[in-house]
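User: Please go through this structure with me, one question at a time. Plain answers will do.

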Amino acid sequence: MRIEVKGLTHVYSEGMPFETVALEDVNFVLEPGSFTGLIGHTGSGKSTLIQHLNGLLRPMEGAVIVDGVNIADKSDAARALRRKIGLVFQYPEHQLFEETVLKDVCFGPKNLGCTQDECEERALHALSLVGLDGKAFQDRSPFGLSGGEKRRVAIAGVLAMEPDVLILDEPTAGLDPAGHRSILDMVRQIKRERDLSILLVTHNMDDVARLADHVLVMQSGRLVMEGTPLEIFSEDAKLQTLGLSLPQATRLMNMLAERGCDVRTDILTLQEAEEEIVRAFI
Amino acid sequence: MAIKDITLGQYFPGESIVHRLDPRTKILGTFVFLVTLFLVNRFAGFALSAAFIAGVIALSGVPVKFMIRGLRPILFLIVFSTILNLFVTAGTPIVQFGPLTITEEGVYRAAFMALRLMLLIFGSSLLTLVTKPITLTDGIERLMSPLNIVKLPSHELAMMMTIALRFIPTLLDETDKIMKAQTARGADFESGNLFRRAKGLIPLLVPLFVSAFRIAGDLAMAMEARCYRGGKGRTRMNGMAFSGRDAGALCVLVAYFAATIYLRTMGG
């Protein structure tokens, strides 16, 4: 599934004293099978942008074109496409409502019109994708789970709709380091198994460096930078002015280079940094 | 989303003379204005009320567009009462459509009610538009404090009101978020018959209640952590004081009230 965003503009409370331009002339393409990182300061328009991608918000100007169809259309084709774009909101566990985990995960497929058996089959599969044992969890109340488990159940609720594109808005917010790591490992695993494209909204540069193959940077409703992680993270000065930073490994290598060490600075992950340091010093 | 259109209870930031009046003056003023709307018995009275509220709106700097937008949620009520009054009032017929008759008195009364409703909304929404919720409840608390003698817990009531007002936007935001999250999972809040729609609200209401309880718990904890123990012996950082402005405003108010009474009792 190819998502093309063209000249997207959105203004909140137009004509009111609180009028704010949330998006202004945003253009980019999400290629099928890509893993895109979306970064930007709080309030830069990231959340507004992703709500356009599955039709929750309608563009005031511009369009979101998925496989040649404008998804704001009222046609059945556009409706079907919107359902192929799964959106996981921030703190998705706040949307849980059913009596049991299984029923909650079934909510999405049921709305798609699946039969009961089909729903349960999809739900159990989705639970296994997020690393939960369906048999052990299916009859428990979602409100009695731990924070990390709740989040997994909520993500399973979106995965059970079998999207072709998965959009995650800060899926690791408020989790401890172990939970953080395991959620992202899970995302990576899902991408490998289901071959979907992923858009990850995050504040964590290390995650972007480690996972993404394409990066979008937003500021004040505009798309200000776009490229591969290496391209983006080679522009330290520009990122600083946007209130963003480098991945830790890149920063370390930059500092070493500044002090006169002969090391490469096109390093993104801890592992690459380790190898480069070993090469340069030992 | 229609949720965002509700102006009742919203604050419109500003530094106008109306904004700076003592909250007690504003509450009293609003109360008197609302009372006069029910005292008015002919159009001249409404002209006076309209002129009064228009003057206050102009002074406050709240855009007229904003005020009119506040009418939208009760538009149905206005139209409904107008139609009802037009057709069911007995009197001298002017136009006849089959069994339906529009009478002279009907037209008169319909216009009367519509005007009254609109002015009511203008008057009551203006109070919250020009007064911060916290200041407003402080004013209410002070106005109610004489009732402490009859064991009415005015501070606790005012605190409850403050909290309720404070959480309207928070809960609206929360509703909006949960609605979007469930819509993204294919929930449909807008179609189907009444029963289906009511059932469709469960995925919205359950998480909303859970959030409300979570927020309430957090708030109680935060208040306790700052040693809140009710109104006894509590003092204020920003005391309230009547000023020259308030004296002026009260004079205008009395003059307006007297004029309304005059219009009601004279020429009748």
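**Loops, helices, strands and the contact**

User: Between which elements of chain A does the loop with A:E162 lie?

Analyst: A:E162 lies in a loop of chain A. Helices (H or I, at least four residues) and strands (E, at least two) are DSSP runs numbered from the N terminus. The model is predicted, so local features need pLDDT of at least 70 and side-chain atom pairs pLDDT 80 or more, while totals for chains, interfaces and linings use all residues. The loop runs between α6 (147-159) and β7 (165-169).

User: How are residues and chains labelled?

Analyst: Residues are numbered from 1 along each chain as its sequence is written, while chains are lettered from A and ligands numbered from 1 in the order in which they are written.

User: Is A:E162 exposed, partly exposed or buried?

Analyst: The residue is not a glycine, yet has a positive phi of about 50°. A residue is buried with 20 or more other C-beta atoms within 10 Å of its own, exposed with 12 or fewer, and partly exposed in between, the C-beta atoms being placed from the backbone. A:E162 has 18 C-beta neighbours inside 10 Å, so it counts as partly exposed.

User: How many other C-beta atoms lie within 10 Å of B:K151?

Analyst: B:K151 sits in the loop between α7 and α8 of chain B. This residue also has a positive phi, of about 65°, without being a glycine. B:K151 is exposed, and the number of other C-beta atoms within 10 Å is 6.

User: Which elements do the buried residues of α7(B) pack against?

Analyst: Helix α7 of chain B (residues 133-144) reaches 16 Å from first C-alpha to last, close to the 16 Å expected, the expected span being 1.5 Å times one less than the number of residues. Its buried residues are B:L136, B:T137, B:D138, B:G139 and B:E141. They pack against three helices of chain B: α2 (23-39), α6 (104-130) and α8.

User: How many residues of α12(A) are buried?

Analyst: Helix α12 of chain A covers residues 270-281, twelve in number. It lies largely in the open, because the number of its residues that are buried is one.

User: Which strands stand at the edges of the open sheet in chain A?

Analyst: Four strands make up the sheet, in the order β2-β1-β4-β5, with antiparallel pairing; strands pair if DSSP finds at least two bridges between them. Two of the strands each have a single partner, so one side of each lacks a neighbour in the sheet; these are β2 (20-30) and β5 (69-70).

User: Which residue stands opposite B:F97?

Analyst: In chain B, β1 (residues 93-97) and β2 (residues 100-103) pair in the antiparallel sense over four bridges. Their hairpin has two residues between the strands, and there B:G98 takes a positive phi near 55°. The residue opposite B:F97 is B:L100.

User: Which element gives the largest share of the side of chain B that touches chain A?

Analyst: The contact takes 15 residues from chain B and 18 residues from chain A, two residues being in contact if their C-beta atoms, placed from the backbone, lie within 7 Å. On the side of chain B, α8 (154-184) and α10 (202-225) are the elements that give two or more residues. The largest share, seven residues, comes from α8(B).

User: What percentage of the residues in chain B is buried?

Analyst: Chain B has eleven helices and two strands. Its C-alpha atoms fill a box of roughly 70 × 60 × 40 Å along the principal axes. Of its 268 residues, the buried share is 21%.
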